[in-house]
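Dear colleague,

Please find below the structure that I am handing over to you. My notes on what was found in it follow directly after.

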Amino acid sequence: MTSMVERPDDEGQKAAPLPEPPWRPAARRTPPRVPITREAIIDASFRVLDRDGMDGFSMRRVGEELGVGAASLYWHVHNKDELLQLLFERVTELVELPQPDPEHWMDQVKDLARELRAIMHSHRDIARISLGRIPSAPVIAKMAEWQFELLKPAGLPEEVIALATDLLALYVGAYAFEESLGLASPTGEDLPPEQIVAMIREYLLSLPPDRFPHTLAAVDLLLGSATPDARFEFGLDVLMRGLASYARDAAPEPPEG
């Protein structure tokens, strides 16, 4: 028997479909899925990270972002930790390394640190993810090779270069992570930074000047008169001066006789 919806009209044409009752929900159309590739998973992970932060990041939420279940992701990544590693490696691949110029090695290392700091600010909690991780992709070899080509001709020993590579990454990552945290109030309340600083300043100024003369004289310097950029640059200067103290004369010694 032909249904009412499909019954031809008098002219032999199929009748228009009848409307559904208003109380019946419309049929849901599944949105087209993003092709599940490792790159698509990484892109979706950055969207989740920027929106929910590290504390809200999960395989389930990444799957929801792609319109699939979390189980579908495990065909491409082993687990959440590997996915976080991939995110870290993706951002470190953004670093642009210039031609090594040993005569200006300090400037080039500083520029690298500044670029890394900017990259750490490019996505929410990337600085937090960077701590305790080493990029295992080819980018670590490219960066290490560049630093050896830059610093060996400047007279720095190989062991110092290797340790400095790790130290620079740690300094930038930790600094950017602290920046992302904001200033915590000693009272545990959610207070604006200027109020927190004023509170601590008032306490310090109440201390006996005969016991803390230097502290009271430098109270404004101690409480952050420098900008975040100035503090970062000061740290870079200290690191560069320390590295320079290890530099040997790069010129070969003349042969005896």
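**Findings**

Leaving aside neighbours within four places in sequence, glutamate 89 is in contact with Pro135, Ser136 and Ala137, where contact means heavy atoms within 4.5 Å. Please note that this is a predicted model, in which local features need pLDDT of at least 70 and side-chain atom pairs count only at pLDDT 80 or more, while totals for chains, interfaces and linings use all residues. Residues are numbered from 1 along each chain as its sequence is written, and side-chain values use heavy atoms, with hydrogens and water left out.

Glutamate 89 belongs to helix H3; helices (H or I, at least four residues) and strands (E, at least two) are DSSP runs, numbered from the N terminus. Glutamate 89 counts as buried because its relative accessible area is 8%. The terms are these: buried means under 20% relative accessible area, exposed over 50%, and partly exposed in between, with a 1.4 Å probe and protein chains only. Serine 130 is 41 residues away from glutamate 89 along the chain, and their C-alpha atoms are separated by 9.2 Å.

Glutamine 85 is also found in helix H3. With a relative accessibility of 16%, glutamine 85 is buried. Its contacts, not counting residues up to four places away in sequence, are Arg133, Ile134, Pro135 and Ser136.

**The chain as a whole**

The chain holds eleven helices and zero strands. Of its 257 residues, 31% count as buried. Among contacts between residues at least 6 apart in sequence, 66% join residues at least 24 apart. The chain exposes about 17400 Å², of which carbon and sulfur atoms supply 56%; accessible areas come from the Shrake-Rupley method with a 1.4 Å probe, and for residues only the protein chains shown count as cover.

**The largest nonpolar core**

A nonpolar core is a set of buried Ala, Val, Leu, Ile, Met, Phe, Trp, Tyr and Cys residues joined through side-chain atoms within 4.5 Å. The largest one has 51 residues, and Phe57, Val62, Trp105 and Leu156 touch the most other members. At least two residues of this core come from each of helix H1 (38–52), helix H2 (59–66), helix H3 (80–92), helix H4 (105–120), helix H5 (126–130), H6, H7 and H11. H7 gives the most, with eight residues. In soluble globular proteins, nonpolar side chains tend to be buried together.

Which residues does phenylalanine 57 touch, not counting those up to four places away in sequence? They are Ser45, Val48, Leu49, Val62, Lys80, Leu83, Leu84 and Leu87.

**The cavity**

A cavity is a set of points, on a 1 Å grid over the protein atoms alone, where a 1.4 Å probe fits but cannot get out; lining residues have an atom within 4 Å of a point. Grid points are joined across faces, edges and corners, and a volume is the space filled by probe spheres set on the points. The count comes to one cavity of 30 Å³ or more. About 90 Å³ of space lies in the largest cavity. Helix H6 (138–151), helix H7 (158–181) and helix H11 (228–244) are the elements that give two or more residues to its lining. The largest share, five residues, comes from H7. Among the lining residues are Val109, Gln147, Ile161, Thr165 and Met240.

**Two loop residues**

Aspartate 125 lies in the loop between H4 and H5. Its phi is near 65 degrees, a positive value in a residue other than glycine. Aspartate 125 is buried, at 17% relative accessible area.

Serine 72 is placed in the loop between H2 and H3. With a relative accessible area of 28%, serine 72 is partly exposed. Serine 72 and arginine 60, twelve residues apart in sequence, are 10.0 Å apart in space, C-alpha to C-alpha.

With kind regards

How values were computed
On a 1 Å grid over the protein atoms alone, a cavity is a set of points where a 1.4 Å probe fits but cannot get out, and a pocket is an open set with protein on both sides within 12 Å along at least five of seven lines; lining residues have an atom within 4 Å of a point.
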